[in-house]
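Here are some notes for a colleague who has not looked at this model before.

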Amino acid sequence: MPDAQTIYELRLACHKPGCPVCNLIQRAGARYIEGIFNESMLDPGVRQKLVDSQGFCYEHTWQSINLKLSDALGHAILYQDLVRDAMRKITENEANGSSQLVNALTPGSTCPACRVEDATLERVIDCMVPVLRDQDFIAEFKQSTGLCIPHLKRILPKLDGNRRGVVLLHQNDCLEKLRGELAEFIRKSDYRFRDEVIGNEGDSYKRAADMISGKHRLAEKKDFR
Ligand SMILES: [Zn+2]
Ligand SMILES: [Zn+2]
């Protein structure tokens, strides 16, 4: 069932660089992490869940540190729990075989921010499929820099012929533009053309990486406001 807030955020994301679906997912993950640190770190239940998952995954851990989604104290409180838990597991299992110790040191649940992002992906795709019939939305979608390949793969099976045509036409335009920028970047990297100023194509390889691999990273904290 499409929800108005998600559609509104999707429309806004179409005017920002990168895959609009990635944009909403990343913002949801960042907001969740910030909420955990701001409001829930003193809640023993929440902290126990974070111990079970051994905190966040690698990407969300460094996103939370690099984007300062918490102050240093919040991180210190979380890692005090996790360091204590690791010490306890080693103490309790060191007399046992390595496999038992390895099992004990393996997270009991997945990263909670990843779970939030997975749920957000489902919601965003469910909202986007019906709204791709709306000409106003299509006009905004065409302002976007296209879907990343993982999210293109995710939405295509849910589209009928018309909506599939709309998405693929725009996707091909975006890929073609990117291909041209990459070619220009490579051309200007040749020593014969090194005096030419690098323009918008300067970060084309990063945008191509986001397009091909998905998971467009938040570059700044303000992006998820
Ligand atoms: Zn994406
Ligand atoms: Zn994660």
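**Notes on helix packing and selected residues**

1. With 13 C-beta neighbours inside 10 Å, Lys68 counts as partly exposed, because a residue is called exposed at 12 or fewer and buried at 20 or more. The model is a predicted one. Lys68 sits in the loop that joins α4 to α5. The phi angle of Lys68 is near 55°, which is a positive value in a residue other than glycine. Most residues other than glycine have a negative phi.

2. Gln54 also has a phi near 55°, again positive in a residue other than glycine. Gln54 belongs to the loop between α3 and α4, where α4 spans residues 58–66. There are 18 other C-beta atoms within 10 Å of Gln54, so Gln54 is partly exposed.

3. Two packed helices are described by the angle between their axes and the distance between the axes. For α3 (residues 44–52) and α5 (residues 72–93), the axes come within 10 Å and cross at roughly 50°. The crossing of α3 and α5 is right-handed.

4. Which residues bring α3 and α5 together? On the α3 side they are Arg47, Leu50 and Val51, and on the α5 side Leu78, Asp81, Leu82 and Asp85. By class, the contact of α3 with α5 holds four nonpolar and three charged residues, and no polar ones.

5. Helices α2 (residues 20–40) and α7 (residues 112–131) have axes that come within 9 Å and cross at roughly 145°. This crossing of α2 and α7 is right-handed. From α2, the residues in contact are Val21, Leu24, Ile25, Ala28, Gly29, Tyr32 and Ile33; from α7, they are Ala113, Val116, Glu117, Thr120, Leu121 and Val124. The contact of α2 with α7 is made up of 10 nonpolar, two polar and one charged residues.

6. The largest nonpolar core has 22 residues, and the members that touch the most others are Leu10, Val21, Leu24, Ile25, Ile33 and Val124. At least two residues of this core come from each of α1 (4–13), α2 and α7. Helix α2 gives the most, with eight residues.

7. What does Val21 touch, leaving aside residues up to four places away in sequence? The contacts of Val21 are Leu121, Val124, Leu147 and His151. Val21 and Val124 are both listed among the core members that touch the most others, and both take part in the contact of α2 with α7.

8. Helix α10 (residues 161–188) and helix α11 (residues 204–213) have axes that come within 9 Å and cross at roughly 145°. Here α10 passes α11 in a left-handed crossing. The contact consists of Leu178, Glu181, Leu182 and Phe185 of α10 with Ser204, Tyr205, Arg207, Ala208 and Met211 of α11. These residues divide into six nonpolar, one polar and two charged.

9. Pro150 is part of helix α9, which covers residues 149–155. Pro150 has 16 C-beta neighbours inside 10 Å and so counts as partly exposed. The C-alpha atoms of Pro150 and Met211 are separated by 8.5 Å, although the two residues are 61 apart along the chain. Met211 is one of the α11 residues in the contact with α10.

Note on methods
Residues are numbered from 1 along each chain as its sequence is written. Chains are lettered from A and ligands numbered from 1 in the order in which they are written. This is a predicted model: local features need pLDDT of at least 70, side-chain atom pairs count only at pLDDT 80 or more; totals for chains, interfaces and linings use all residues. Axes are lines fitted to C-alpha atoms, for helices over the stretch in contact, and angles run from 0 to 180 degrees between N-to-C directions. Helices (H or I, at least four residues) and strands (E, at least two) are DSSP runs, numbered from the N terminus. A crossing is left-handed if the near helix is turned anticlockwise from the far one by less than a right angle, and right-handed if clockwise. Two residues are in contact if their C-beta atoms, placed from the backbone, lie within 7 Å. Ala, Val, Leu, Ile, Met, Phe, Trp, Tyr, Cys and Pro count as nonpolar, Asp, Glu, Lys and Arg as charged, and the others, Gly among them, as polar. A nonpolar core is a set of buried Ala, Val, Leu, Ile, Met, Phe, Trp, Tyr and Cys residues joined through C-beta atoms within 7 Å.
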